[in-house]
Amino acid sequence: MPELSDAERTRSTLPFGVAEVTGPSMVPTLYHGDRLLVHYGARVRVGDVVVLRHPFQQDLLVVKRIAERRDGGWWVLGDNGYAGGDSTDYGVVPDELVLGKVRFRYRPRKPAQRSPLALLAWALSAARPVFSSERSASRRLRAR
């Protein structure tokens, strides 16, 4: 049986963790640089935004939306249909590779946001819960 790293051991005892988004595959829901509160081990269902291990490169964590349940696991898609890097590239994701459900998104302030109006706009939109949305994932699935 493989040994757990300190980070994985800690994650297995703590139900919540933080992840950072890189890349555009989840735009407009999530943007590059967003920070996520992840509920590890949470039950997932169609429409949930999840953190999973890439099936072919398991040291790489990715964020995708669950589109549907299939034989052998979950079909996952990014919200940005033009970005790729989802089940259309690597197929069904086994249950054991889905690590947790994204509960909350925090968008850090950009250095250029200094005016009072820009700060107010940032403060009103910086932190948001991430809800399930069967609509956006299923619309993309039907279009393929």
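**View A. Arg65 stands opposite Leu77 of strand β5.** In this predicted model, local features need pLDDT of at least 70 and side-chain atom pairs pLDDT 80 or more, while totals for chains, interfaces and linings use all residues. Residues are numbered from 1 along each chain as its sequence is written, and side-chain values use heavy atoms, with hydrogens and water left out. Strand β4 covers residues 57–70 and strand β5 residues 73–77 (strands are DSSP runs of E, at least two residues; helices are runs of H or I, at least four; both are numbered from the N terminus). β4 and β5 run antiparallel and are joined by five bridges (two strands pair if DSSP finds at least two bridges between them). The two strands form a hairpin with two residues between them. Gly72, which sits in the turn, has a positive phi of about 95°. Most residues other than glycine have a negative phi.

**View B. Ala67 is a buried residue of strand β4.**

**View C. Strands β3 and β4 form a hairpin.** Two residues separate the strands of this hairpin. Strand β3 spans residues 49–54, and its antiparallel pairing with β4 extends over six bridges. Within this pair, Leu52 stands opposite Val62 in β4.

**View D. Strand β2 pairs with both β1 and β6.** β1 comprises residues 16–20, and β2 comprises residues 35–40. These two strands run antiparallel and are joined by five bridges; Phe16 stands opposite His39 in β2. β2 also runs antiparallel to β6, residues 98–106, and six bridges join β2 to β6. Here Tyr40 has Gly100 of β6 as its bridge partner.

**View E. The largest nonpolar core contains 13 residues.** A nonpolar core is a set of buried Ala, Val, Leu, Ile, Met, Phe, Trp, Tyr and Cys residues joined through side-chain atoms within 4.5 Å. The residues with the most contacts inside this core are Leu30, Leu36, Val38, Val49, Val63 and Val102. β2, β3 and β6 each supply at least two of its residues, and β2 gives the most, with three. Val38 is in contact with Pro15, Phe16, Gly17, Ala19, Val51, Gly100, Lys101 and Val102, when its neighbours within four places in sequence are left aside (contact means heavy atoms within 4.5 Å). Another core, of 10 residues, lies apart from the largest one; among its members are Trp74, Val76, Tyr90 and Leu97.

**View F. Phe16, Val18, Leu37 and Phe104 form a nonpolar patch on the surface.** Together these four residues have about 360 Å² of accessible area (Shrake-Rupley method with a 1.4 Å probe; for residues, only the protein chains shown count as cover). Phe104 belongs to strand β6 and counts as partly exposed because its relative accessibility is 34%.

View G. The peptide bond from Val27 to Pro28 is cis, with omega near 15°. Most peptide bonds are trans. Not counting residues up to four places away in sequence, Gly41 touches Leu99 and Gly100. Gly41 and Glu96 are 55 residues apart in sequence, yet their C-alpha atoms are 10.0 Å apart in space.

**View H. The protein chain contains four helices and seven strands.** Along the sequence these elements follow the pattern α-β-β-β-β-β-α-β-α-β-α. The chain has 144 residues, of which 36% count as buried. Of the contacts between residues at least 6 apart in sequence, 55% join residues at least 24 apart. The chain exposes about 8,900 Å², and carbon and sulfur atoms supply 57% of this area.

Key. Buried < 20%, exposed > 50% of the residue type's maximum accessible area, 1.4 Å probe, protein only. Patch = residues over 30% accessible without salt bridge, like charges linked within 9 Å, V, L, I, M, F, W, Y side chains within 5 Å. Salt bridge = Lys/Arg side-chain N within 4 Å of Asp/Glu carboxyl O.
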